[in-house]
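Here's a quick tour of one model, starting with its charged pairs and moving on to its cores and loops. Keep the structure open while you read.

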Amino acid sequence: FLPQVDSANAGRVLASDAAVFLKKSGLTDLVLGKIWDLADTDGKGILNKQEFFVALRLVACAQNGLDVSLNSLNLPVPPPRFTDTSSPLLLSGATSSDLPWAVKPEDKAKYDAIFDSLNPVNGLLSGDKVKPVLLNSKLPVDILGRVWELSDIDRDGMLDRDEFAVAMFLVYCALEKEPVPMSLPAALVPPSKRKPLNVPGVMPLIPPSTSTKDSHQSLPPVGILAAKTPLTQ
């Protein structure tokens, strides 16, 4: 990864270059800011080679649901993933698309019943309708904020049936005293939201969606645009 951000080969990485590169991890700015603060030990806005490797390690921890802290550095985690097809370490979409969904069918049926009881419009629930359900869990507001952020996978401020199931799954995990991850683990991404395999130089085909969700949705940044395939139950 280093040559991609250290073009001058000076053995150090500037904050501006690192920010562009680290954003490709798909983590939120809040998490990336925390990673930078931990890696930039002297606060100079520049990372040396060792500090840059610490940042990469923390990205991998966050992507695998571990705490972003120096305590996590020695834990075994797979290499960090970046949405850059020129990266040799990129894990292709084929690996994650084969994973079984963490939400079990019997749980999905329960979550669907709650979803339908909230009067979705065009198969979507607004934040106002989901909020009372989340608050009802009595979980801390910062945890609920992270649950919403992780479950609103396409960032349109609304949850469809699958995204709502992810939110409920995370709430129940938190109630069981399991930590809510900093980024959505691959196994939790609904099969309908998983990206197709990216071939270098070829734009992934986005299947036409039958839902009205796209009509009022602003285009998210390139690289996190998940393919929307109509769900056949």
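## Salt bridges

Search the whole of this predicted model and you get 10 salt bridges. One of them pairs arginine 161 with aspartate 112, with 3.9 Å between the closest N and O atoms. That pair links distant parts of the chain, since arginine 161 is in helix H9 and aspartate 112 in helix H6, 49 residues apart. Aspartate 112 is buried at 13% relative accessible area, while arginine 161 counts as partly exposed at 27%.

Arginine 161 also meets aspartate 116 in a salt bridge, at 2.8 Å from N to O. Aspartate 116 sits in H6 and arginine 161 in H9, so this bridge ties together parts 45 residues apart in sequence. With 39% relative accessibility, aspartate 116 is partly exposed.

Then there's lysine 193 with aspartate 160, whose closest N and O atoms are 2.7 Å apart. Lysine 193 lies in the segment after H9 and aspartate 160 in strand S4 (residues 158–160), so the pair connects parts 33 residues apart in sequence. Both ends are buried: lysine 193 has a relative accessible area of 7%, and aspartate 160 has 14%. As for shared partners, salt bridges join Lys108, Asp112, Asp116, Arg161 and Asp162 into one network.

The largest nonpolar core has 30 residues, and Val147, Phe164, Leu170 and Leu184 touch the most other members. Helices H6 (105–117), H7 (127–135), H8 (141–151) and H9 (161–175) each put in at least two residues. H9 gives the largest share, with 10 residues.

Take phenylalanine 164: beyond its neighbours within four places in sequence, its contacts are Tyr111, Ile114, Phe115, Leu118, Leu125, Val130 and Leu159. A separate core of 22 residues lies apart from the largest one, and its members include Leu47, Val54, Ala62 and Phe82.

Which residues of H2 are buried? They are Ala18, Phe21 and Leu22. They sit on the same side of H2, because they cover an arc of only 95° around the axis.

Serine 25 is in the loop between H2 (15–23) and H3 (29–39), and it is buried at 10% relative accessible area. A polar atom of its side chain lies 2.6 Å from the backbone oxygen of leucine 22, and the side chain of serine 25 also reaches the backbone nitrogen of leucine 27 at 3.3 Å. Leaving aside neighbours within four places in sequence, serine 25 is in contact with Leu32, Val59, Gln63, Arg81 and Phe82.

Terms used:
Residues are numbered from 1 along each chain as its sequence is written. This is a predicted model: local features need pLDDT of at least 70, side-chain atom pairs count only at pLDDT 80 or more; totals for chains, interfaces and linings use all residues. Side-chain values use heavy atoms; hydrogens and water are left out. Helices (H or I, at least four residues) and strands (E, at least two) are DSSP runs, numbered from the N terminus. Buried means under 20% relative accessible area, exposed over 50%, partly exposed in between (1.4 Å probe, protein chains only). A polar contact is a pair of N or O atoms within 3.5 Å; within protein, one must be able to donate a hydrogen and the other to accept it, and residues adjacent in sequence count only if both atoms are side-chain atoms. Contact means heavy atoms within 4.5 Å. A nonpolar core is a set of buried Ala, Val, Leu, Ile, Met, Phe, Trp, Tyr and Cys residues joined through side-chain atoms within 4.5 Å. The arc is that of the directions from the helix axis to the C-beta atoms. A salt bridge is a side-chain nitrogen of Lys or Arg within 4 Å of a carboxyl oxygen of Asp or Glu.
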